Amino acid sequence: MKRKLGPTERIYPMPCPLVVGGTAEEYGALAVAWVGVATATPPSLAMALRRTRHTLELIRRTSTFTVNIPATALATQVDFCGITSGKGRDKIAEAGLTTAPSSLVEAPIIVECAYNLECRVTHEIELGEYVLVIGEVIESHAEESVLDESGTKIDVGALDPLIYIAGSREYRSLGPVVGPAFSMGKALRPDVED
Ligand SMILES: Cc1cc2nc3c(=O)[nH]c(=O)nc-3n(C[C@H](O)[C@H](O)[C@H](O)COP(=O)(O)O)c2cc1C
């Protein structure tokens, strides 16, 4: 028997990257779980930021931001960046994290996050209490230690990305592999083309 839970934005799981705005001299970061893929072509991400976020002000200065994927080992640092405002203080340094220049955008990356995406803002949409910021990903890079044998793709097991669960408000890690995508479904009708 299903029970109605009312209108909700909660889907499971949610990623929980650190999003950085600003410049090498003045930067800020926040934890963002209300983020996801907007489109694949062009590669773009969308995130919902409350208007009051200091990092939103910094993102607007350069119209760029970086999305930095933390491992589960960084949960405490991510949470810290999600519960303290960076206005007037270097929250990233206080969390024991360091920044480095991006290759194409003004907003820096976070060194301790193994996978980083550099984005240029393409749209800002006012939505209720939020601003939906959409950014085109113009470069990405990753530590070799989180790449698969081909050296071109992320090995998510090695990346061990931090996951956020809305509702219970807890951080989790990925579970085991279930099976190959774009392929398992053929068990139901082997003549299906990719
Ligand atoms: C797990 C988690 C997820 C969060 N997701 C978002 C989000 O998607 N959008 C948002 O505006 N704030 C989100 N926050 C809150 C901001 O990270 C937090 O208010 C932060 O202190 C803002 O920092 P700033 O004012 O320096 O930008 C989240 C916080 C946590 C702990």
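**Basis.** I worked from a predicted model, in which local features need pLDDT of at least 70 and side-chain atom pairs count only at pLDDT 80 or more, while totals for chains, interfaces and linings use all residues. Residues are numbered from 1 along each chain as its sequence is written.

**Sheet.** I looked up the strand order and found an open sheet of seven strands, β3-β2-β6-β9-β10-β5-β4, with antiparallel pairing. The edge strands are β3 and β4 (35–39), each of which pairs on one side only. Helices (H or I, at least four residues) and strands (E, at least two) are DSSP runs, numbered from the N terminus, and two strands count as paired if DSSP finds at least two bridges between them. From one strand to the next the twist averages 35°; axes here are lines fitted to C-alpha atoms, for helices over the stretch in contact, and angles run from 0 to 180 degrees between N-to-C directions. I then checked β6 and β9, which pair in the antiparallel sense over six bridges, and noted that Asn-68 stands opposite Asn-116 in β9.

**Helices on the sheet.** α1 packs on the sheet, touching β2, β3, β5, β6, β9 and β10, and its direction makes about 50° with that of β2; contact means that the C-beta atoms of two residues, placed from the backbone, lie within 7 Å. α2 also packs on the sheet, touching β2 and β3, with its direction at about 105° to that of β3.

**Buried side of α1.** I listed the buried residues of α1 as Thr-55, Leu-56, Leu-58 and Ile-59. They cover an arc of only 160° around the axis, and therefore lie on the same side of α1; the arc is that of the directions from the helix axis to the C-beta atoms. A residue is buried if 20 or more other C-beta atoms lie within 10 Å of its own, exposed if 12 or fewer, and partly exposed in between, with C-beta atoms placed from the backbone. After α1 comes Ser-63, whose phi is positive, near 55°.

Of the 20 residues around the ligand (C-beta atom, placed from the backbone, within 6 Å), Trp-34, His-54, Thr-55, Gly-82 and Gly-86 come nearest. The elements giving two or more residues to this shell are β3 (27–31), β5 (44–50), α1 (54–62) and α2 (75–83).

**Val-156.** I found Val-156 in helix α4 (residues 156–159), partly exposed, with 14 other C-beta atoms within 10 Å. Not counting residues up to four places away in sequence, Val-156 touches Pro-161 and Leu-174.
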